[in-house]
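Here is a quick walk through a two-chain model, one piece at a time. Keep the viewer open and follow along.

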Amino acid sequence: MDTPTLHESFETVLLDPKNSRFCYEGENLTYTGNDGSFYPRVSLRRCFPLSSENTNIVVRIPDVDPERSHELGMIEDIAELDESSRESVERELHLYYVVPSILRISSIREEFGFLYWTVNTDRGPKEFVIRDSIISSTRQISKGRWLIIDINQSRYEIHNFESLDITSQNFLRRYLLL
Amino acid sequence: MDTNASLLASIPTNVLTIFEKNEGWKQELKISLATDLAPDGSFGEQWLLVDDTNLHIISHVKGETWERFNFPLEKIEDAQIEPCVGNALLRVTIEQKQHNLLHFSNEQTERFALAAHYLRQRAEKGAEVAPPDFTSEGQRCLSCGKRLLDPSLKVCPSCIKRGQVMRRLVNLARPYWGQTSFKFLMMIGLVILDLLPPYLTRILIDQVLTTQAHTEWLAWLVGGLLLIQIFRVTLVINDALLTNRISTVFTAGVREQMFAHLKKLSQEFYDRNETGRLMTRINQDTEELQGLINQMAGFIMNIVLVIGIGVVLFSMAPFLGLFVLIPAPFVLVATLYYHRRMNPHFRRYWISRWRLNSMLNTFLSGIQVVKAFGQDDQEEGRYRDLNQNALASRLRVDQAWAGFFPLISFAFGAGGLIIWYVGGRAVLAEVITLGTLMAFLSYLGMFYGPLSNMASVSQALNRFTTISQRTFEFLDEEPKVQQKPQSKMLHKVDGSIEFDGVTFGYNPFFPVLKGVSFCIEPGELIGVVGPSGAGKTTLVNLICRFYDTTSGVVRIDGMDVREIAMDELRKHIGIVLQTPFLFSGSIAQNIAYARPEASRQEIIRAAKAANAHEFISNLPEGYDTIVGEGGTGLSGGERQRISISRAILLDPKILILDEATSSVDTETERQIQKALNTLVQGRTTIAIAHRLSTLYNADRIIALEHGRIAEIGSPNQLIEQKGLFYNLVQIQSQFARLDGVPTV
């Protein structure tokens, strides 16, 4: 059943992936449920953005005021969606979660308590600045996997320390004290 | 128009061509903003161009340029920024339908928020609205205009005017000039005393030991050396004492100034700066300043020493002096290398220790939870891991140090060897005497130390100016809520309150209260209800003038609050907050906080009125019981009743109860309610409450929703209306038995 109820409920509504359609109209992701109910603009959230990015995806009607936004339900695994819906969902998630994965570090420069990074990511080249405080600007997610948070609260990920080239590894060793 | 020209200048020609092809008017450009995210979420460019009539979104990715959206402005009803992760999106509402336009990364949020604000204003007020001024945006360096990374500074570190900061510091240090110049005299004396002994040993070797020309000088020379040592020790001790004294007194003075300034600043400042950061500024920054002053004194001493030794060395044997300089660059490089190599190790160790400590801290404060959930073993494992980590990083420090220290000593030693060889040859060739060589070698030992110390001077100097600048900026901070110079006094207050079209937002772009108007008669008891985030507390903040309104006026007794002297205003307003705050001191002092001159009788009367007298007099130390930081533990209800006594003693005409009873149990609430009932007599009272039972005797209720007044009227009226208040009551009565609410 994927008819969302208006009543407050703690039970997660699971959306049936076989009967759920997601597609784009302009930049809006639309959703059609199995009873034909149509939502012209929905927004997606990962419940576990780090540990499991393609499962437990929340579908909700967005609003700037969080009290007025409202959850339609959850897609357990996007692999179960039909292909075009899955592609739309993947695009939406890719747009919502802009967490570039660092592939190569060209340079890290330290100046007055800030680190200036020049990197190449899976989304293209980027320069960013982090506070030179290991405690507040980096998080270790698991062994060899790091999250770096810049001064604008943008996030960058190092997926696997070992798979980076030697220069990048040396930069990280020196500045992030890995 | 030159703003237009500057808007145009940044747009790539391809984008401009497409823009014009789609009937864009570049002469009437209001906004031109580039995002850094392409439609597919990779880094790329999209342009938001707004002319007089239309909004265009043009993509410009990998050499291809095309228009993605084109909306007539008159159709846009609303424009908002929606935050995402690492980025945000701009959306507009057209014919009740929302359209996502584009994504942009976090660093551009502010600019797009301005653009959205402009679009909203246009939708509301029409085409006359002035286009946004992006130059005013956010925190930029006042000097070079670059975006500021550290919002606690107003100019970026590279723009700090060293000279200016130093001059200000010197000014601040003016009261200590006498001591400071005395300190410098001592320092020069010390340097001379340092330079003397090798000179004497030279005579000792040349005239007494080797040539035996003046054997009778031996006792005199050794005596002289002893005397110098004694002098030196006394001077060193006194110098250290004086330096510490100056820096301590100086920073204590700065700290005092900072505290005095702190109390002048308005609430808005405290919102911008979290308590922790302020504490750091006042405690750590001044502490560090003190350390740095000492360090700077050391640097100056070293400079004098290096120059002094240099002069002596060159005057004794110029050619040997040159050889001394050969290892000097090596010493400097080694020192810099040391900082680069060793510092990361030290920091890594420090961080691992920090993690260990904070884990221990969490564990100890959460010990009940750990035990209750039986997770002792898991925590132990976690501690062991962190401890191992700390151990490993300590070992790495030691290893690095072990590998590095010999290198440094080699650098120092190598210089000596060169002198031994070159100087030795000179002695053999009888160009210089043995005494000169020995003196040379002992000067050399004193030379490299200060030299390597000076290599780190720039680092310390940077830190020093940054910290000083931060301190000065704090002292320069102007309170946002300013008292007018010709502010009026309130003589006899009746206690009427009027809100006249009040709009206010902590961030002006996101108003919390939107055009709120109402009138409260003197002596009325007004309940303010509404869902959280509706603006209840904000309402109160404006009455107390913790903030100034964005637009509209708040009046007390018909007088604009901005006209009233601040002390005067607050003297007539009493507040009881949700979490009572007690200062460290006795209960009596806490009750008499706002009126320290109150007599004991008055204090007891206030406590009685607040229903607090009984429990206070039962305490072993009665009214003298020390509460607050480190004091006796009182229950929430007891603390609350003390804070009510405080308000009663102040006897204000306007009383504000901000969730005064929401954190206590029903029985305590009943007692507090009894106390409050005494308190509200003859005063204008504004009570914010979650528990609606506390509002049963209110004259009127103001129900707020999304920053607007949803309804206003007596409780009975509102219940009959079946609006927001009715709904809130319904929800509560479903969750709990409401024993006080009428007609439910």
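## The six-stranded sheet in chain B

In this predicted model, six strands of chain B line up as an open sheet in the order 13-16-17-10-18-19, with mixed pairing. Strand 13 (573-576) and strand 19 (708-713) of chain B are the edges, each pairing on one side only. On average, neighbouring strands here are turned by 20° against each other, direction ignored. Helices and strands are DSSP runs numbered from the N terminus (H or I, at least four residues, for helices; E, at least two, for strands), and two strands pair if DSSP finds at least two bridges between them.

Zoom in on strand 10 (residues 525-529) and strand 17 (residues 684-688) of chain B: they run parallel, joined by four bridges. One bridge pairs Gly527(B) with Ala687(B) in strand 17 of chain B.

## Helices on that sheet

Helix 15 of chain B lies across strand 10, strand 13, strand 16 (654-658), strand 17 and strand 18 (700-705) of chain B, and runs at about 150° to strand 17 of chain B. Helix 20 (residues 636-650) of chain B also packs on the sheet, touching strand 13 and strand 16 of chain B, and its direction makes about 175° with that of strand 13 of chain B. For these angles, axes are lines fitted to C-alpha atoms (for helices, over the stretch in contact), and values run from 0 to 180 degrees between N-to-C directions.

Now look at Lys536(B), which sits in helix 15 (residues 536-543) of chain B. Lys536(B) counts as buried because its relative accessibility is 7%; buried means under 20% relative accessible area, exposed over 50%, and partly exposed in between (1.4 Å probe, protein chains only). Its side chain reaches the backbone oxygen of Gly530(B) at 2.7 Å. Leaving out residues up to four places away in sequence, Lys536(B) touches several others, including Val528(B), Glu659(B), Ile688(B) and His690(B). Contact means heavy atoms within 4.5 Å.

Helix 12 (residues 376-428) of chain B has 53 residues and reaches 76 Å from its first C-alpha to its last, close to the 78 Å expected at 1.5 Å a residue. That expected span is 1.5 Å times one less than the number of residues. After helix 12 of chain B comes Glu430(B), with a positive phi near 60°.

Thr436(B) belongs to helix 13 (residues 434-455) of chain B. With 3% relative accessibility, Thr436(B) counts as buried. The side chains of Thr436(B) and Thr433(B) make a polar contact (2.7 Å). Apart from neighbours within four places in sequence, Thr436(B) is in contact with Arg202(B), Asp206(B) and Met316(B). A polar contact is a pair of N or O atoms within 3.5 Å; within protein, one must be able to donate a hydrogen and the other to accept it, and residues adjacent in sequence count only if both atoms are side-chain atoms.

## Over to chain A

Chain A has three helices and twelve strands, and buried residues make up 47% of its 178 residues. Strand 1 and strand 2 (residues 28-32) of chain A run antiparallel, joined by five bridges.

## Reading the numbers

Residues are numbered from 1 along each chain as its sequence is written, while chains are lettered from A and ligands numbered from 1 in the order in which they are written. Local features need pLDDT of at least 70, side-chain atom pairs count only at pLDDT 80 or more, and totals for chains, interfaces and linings use all residues, while side-chain values use heavy atoms, with hydrogens and water left out.
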